[in-house]
Structure formats: C-alpha cells, structure tokens
Amino acid sequence: FQRLATTLDARLSERVQALKASDPERSKALEQEDAGNRTAAVELYKQVVAKFPDYERAQQKIDKLTSRS
C-alpha cells in the first residue's frame, strides 16, 4: 500500500508541475524575459505565483529578475 501511495504521489506531483509549466502567464513571462522586458516578465511571474503559491521556479525567476546584480 505504501508503495502505491508513493507512486500516486509522484504521478500527481508530475501532473501538477506540468499544469504549472503550461500556464499561459508562465509562457508569456518567459517570452517577456527572453525579449528583455524584465518588468513585464516579473508581473506575469507574479500572476503565476498568485495562482500557484508553491511554484518555486516562478518565485525564483522573480527574485532573479528583481535582483540588482
């Protein structure tokens, strides 16, 4: 039973990550980031974090884009 629960947890986690990765705001944020539009990218990543508060990659992108370095 424990093995099944672990497998199901892993599959669910993969699906959740896939949903987060396919979020339209995330795609737009990546486009803006690639185009050098940091402010727009940050705002879009903030929308992603608002939808998915535990999505660490989006928060990391915000931190990276707003750092002074």
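**Exercise 1.** What percentage of the 69 residues in the protein do buried residues make up?

*Solution.* Start with the source. This is a predicted model, in which local features need pLDDT of at least 70 and side-chain atom pairs count only at pLDDT 80 or more, while totals for chains, interfaces and linings use all residues. Residues are numbered from 1 along each chain as its sequence is written, and side-chain values use heavy atoms, without hydrogens and water. Buried means under 20% relative accessible area (1.4 Å probe, protein chains only). Buried residues make up 23% of the 69.

**Exercise 2.** Describe how helix α3 and helix α4 pack.

*Solution.* Step 1: find the helices. Helices are DSSP runs of H or I, at least four residues, numbered from the N terminus. Helix α3 covers residues 38-51 and helix α4 covers residues 56-66.

Step 1: take distance and angle. The two axes, lines fitted to C-alpha atoms over the stretch in contact, come within 9 Å and cross at roughly 155°. Angles run from 0 to 180 degrees between N-to-C directions.

Step 2: classify. Angles over 145 degrees count as roughly antiparallel, and α3 and α4 are therefore roughly antiparallel to each other.

Step 3: list the contact (heavy atoms within 4.5 Å). From α3 come R38, A41, V42, Y45, K46, V48 and V49. From α4 come A58, Q59, K61, I62, K64, L65 and T66.

Definitions and conventions: Helices (H or I, at least four residues) and strands (E, at least two) are DSSP runs, numbered from the N terminus. Angles under 35 degrees count as roughly parallel, over 145 as roughly antiparallel, 65 to 115 as roughly perpendicular and the rest as oblique. Buried means under 20% relative accessible area, exposed over 50%, partly exposed in between (1.4 Å probe, protein chains only).
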